[in-house]
Structure formats: C-alpha cells, structure tokens
Amino acid sequence: MYFVADADQEMLRDSVRRFMKSEVAPIVSEHDKAKTFPFELLKALTPFGYIGGRLPESLGGMELDAMSWAMLMEEAGYTWLSLRTMFNITNAAINKLAAEANEEQKERFLKPLMASERRVFNAISEPGTGSNIAQVQTRADLQGDHYVLNGRKLWITNGVFGDFGIVVARTFSPDCDGQLSTFLVERDVSPYEVRPVDTMVLRSTGTAELNFDNVKVPRENLLGEEGTALKKMLKGLDGARVNIAMGAVGAAQAALDLSIDHARTRTQFGRPIGSFQLVQKLIVDMTVRVEAARALGLRAAAALDSGRDARTAASIAKLYATEAAHEVASMALQVHGGLGYATDYPIERIFRDTRGGTIPEGTTEVQTLIVGREILGMSAIV
C-alpha cells in the first residue's frame, strides 16, 4: 500500500508544520529541562484537530479519519514526543468519555476537557501490574453513596498536572464481584497523594505515582457500568498503538533530517562528512527504517479506517516503528559525534524519548507475542 495524502490532508499537514516550527519548536528545550509542559499549546492546536478531532461534529469534533490522525501524530512526534504523548493521554480520555459517559458526566468532564480547561490522566498501571492489565489490584468498595478506593498507580502520565483522572479499579458491590471498573476521580473532591517520578524519557509529561488510601469517590463518578472496563480497555489499544507508532516515525524523521543536514555541512579532512562511505551507510539505513516504519503505521491506520480487525497491523506497526525510531536516533547520534551528546541539541532528547516508545501500550515483547499468536493461532502467553 502506498499512501498519498489528498488535498485536504496536505493542507492540514502543511498548516500544522508551520505552527509547530514557529510556535512549538523554539520552546521545547526549555520545558524539557524544566520538566514543565505548556498546556496553552493544547488549546492553540485544537483547531487543527489535535483535541477531540476524531469525535463527531455533534460532540465538538472534526470527524477525522485514522489516516489523518496518524499524520497529526507524526507531525507532533517530529517536533516533540512529550507533546504527542499529552495528545494521546488527553484524547484517550476524551474518546472514552464520549463513548461511555452519561450526559451529566459529559457536561462536567468532556466539555471542559475539549476546551482544554481541565487536565486529565489515565491510571491503569501499578507497581506490580504493567502489560497485564487484567491483574490490576487497586480496589473500589461501594459504601452507600460513594466508592472507597485503595491502591497505588505508577507511571501515570500527567499525574502531576492532572486535576482529574480515569482510574481503573477492581470493584466490589452487590452487583460486581471483583471485576474491573473505571472511575472519574477528581483531585479536589477525592484527594489522593501524588508523588512525581523522574524519568529518563518524556520529561515534560508529569509522570507520577498516585496513592489512594481510603479515597471516597462519589457513586455518580462511576464511568460506564461496573465490571466492564477490561473489555473496553483492550478494544481501544489498536488506535493507541498506531498513535505511538506514528509519533515514533515523526521523531525518527526529525533525527534523520538533522543528520542529513549535519552530514552535508560538517567537514573533516577537508570534505563534508556526508561524502564518507560509512556516513552514507548510516544515512541510508536510517532512511530505510523511517520509510518502513511509516508504511507500517499508515497501513495500520488504513485498517482502522476500513473497519477491519487492526490488531495485528497495529501491533506490527508499534513493534517495528518504536524499535526502529530508537535505532535511527542512535545512528543519528553517531553521525553527529560529540555534538549528539549536547543537551542543547535535539539529538540527545530524541535519543532518550524514542527509547520510551518501546514500553507503553504493550512492550515490544508483548507485541511480539500478540503477532505470534495471530500468525500461528496459538498463544505463548501463559
């Protein structure tokens, strides 16, 4: 499959590129070093479709198809992977609220989130639970007009900055015996402990550990029906994996572009280093990986648009693109030599951030097992 953007998609991409270059790129380094995030960017980028763009117009969206969304994720990843990650976290919550929230919840949570007036996190992972989300241990006990939450969540993106989150917990009530449910937990209404977690990657995304110690959550903050969270979470993974894959493609393309420019302008022994055979080999290897990753990502997006089962395509795209992006970033560092280590230059940040894509939404190993199961018809996951 060879994807060619139509006129509307090209116009959208060109507009986004101009905005990213003029308004986002100049401030990335300062925020990455300060571990802060400029939330005003979310509102500024909403007209391009970055916030709720896939929703129907009746809910304030633009009805973007998966292919256009994939392009947007690539452009965000090209400029700053922390920005793409914030889009992913915010839109995951938006899409879930649009699909499962009642009208009162949409008014309280979805509308202000679409207007970038609230900040959200999604709390699934725990200290002992990562890829196997079925093993979540955080507990929610129904007691009268509220649930009582107990447990810890770890590696929660935007947990430091968020004023509410969608929290997954094992639920106990007269109608639910330990199945997983989702709850809308507001920081001011249901106070919980927040501990910032410093990470090597995506330093501006406010990663946190959250501690829920007898936290009371109003009964009306149950999102959807009790005990139905696991199936719904698994259903949304294909789109999330394509998002990560295309963000990785964008970061890899940025590393490649910087390397091409450096190879043309940097001289050694009286010649541009791009004239050396081994440097050209690095540039070619980087180009092949970027092109292959993009093709796999767009193929998965096309599967989502067609309504076909996109599980295998999404897992292949996520597996290859995230690994390839870090390989490209590593080769880019080699092309740049000592300059690549400098924290004032983008290669160092791209190298760190691309490493982060191989773990969330299912690690490389988990994607491998998923694809193996789909190919062979037998599962290696015990």
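Me: So helices are DSSP runs of H or I with at least four residues, strands are runs of E with at least two, and both are numbered from the N terminus. What kind of model is this?

Reply: This is a predicted model: local features need pLDDT of at least 70, side-chain atom pairs count only at pLDDT 80 or more, and totals for chains, interfaces and linings use all residues. Residues are numbered from 1 along each chain as its sequence is written, and side-chain values use heavy atoms, with hydrogens and water left out.

Me: Which residues gather in the patch of negative charge?

Reply: Asp 6, Asp 8, Glu 10, Asp 14, Asp 65 and Asp 305 gather there, on the surface. Asp and Glu count as negative, Lys and Arg as positive; His and the chain ends are not counted. A patch takes residues with over 30% relative accessible area and no salt bridge, and joins like charges within 9 Å. Each charge is placed at CG of Asp, CD of Glu, NZ of Lys or CZ of Arg.

Me: Which helix gives the largest share?

Reply: Helix H1, residues 7-24, with three residues of the patch. Glu 10 is found in that helix, H1.

Me: New topic. How many salt bridges are there?

Reply: A search of the whole structure gives 25. A salt bridge is a side-chain nitrogen of Lys or Arg within 4 Å of a carboxyl oxygen of Asp or Glu. Side chains of opposite charge can pair when their charged atoms come close.

Me: What does Arg 352 pair with?

Reply: Asp 32, with the closest N and O atoms 3.0 Å apart. Arg 352 lies in helix H11 (346-356) and Asp 32 in helix H2 (28-34), so the pair ties together parts 320 residues apart in sequence. Both Arg 352 and Asp 32 are buried.

Me: And which residue meets Arg 311 at 3.7 Å?

Reply: Glu 374, in a salt bridge. This pair links distant parts of the chain: Arg 311 in helix H10 (311-336) and Glu 374 in helix H12 (364-376), 63 residues apart. Arg 311 also forms a salt bridge with Asp 309, at 3.2 Å between the closest N and O atoms. Arg 311 is partly exposed at 32%, and Asp 309 is exposed at 54%.

Me: Which residues are linked in a network?

Reply: Glu 104, Arg 108, Arg 118, Asp 163 and Glu 186, through salt bridges.

Me: What about the backbone: what is the phi of Leu 202?

Reply: Positive, about 45 degrees, though Leu 202 is not a glycine. Most residues other than glycine have a negative phi. Leu 202 sits in the loop between strands E6 (193-196) and E7 (208-218). Leu 202 is buried, at 15%.

Me: And what is the phi of Phe 269?

Reply: Positive too, about 55 degrees. Phe 269 is in the loop between strands E9 (267-268) and E10 (271-272). Phe 269 is exposed, at 76%.

Me: Last one. What does the side chain of Thr 322 reach at 2.6 Å?

Reply: The backbone oxygen of Lys 318. Thr 322 is in helix H10 and buried, with 0% relative accessible area.

Technical notes: Patch = residues over 30% accessible without salt bridge, like charges linked within 9 Å, V, L, I, M, F, W, Y side chains within 5 Å. Areas by Shrake-Rupley, 256 points an atom, 1.4 Å probe, with all protein chains shown as cover. Buried < 20%, exposed > 50% of the residue type's maximum accessible area, 1.4 Å probe, protein only. Polar contact = N/O pair within 3.5 Å; in protein donor to acceptor, adjacent residues only side chain to side chain.
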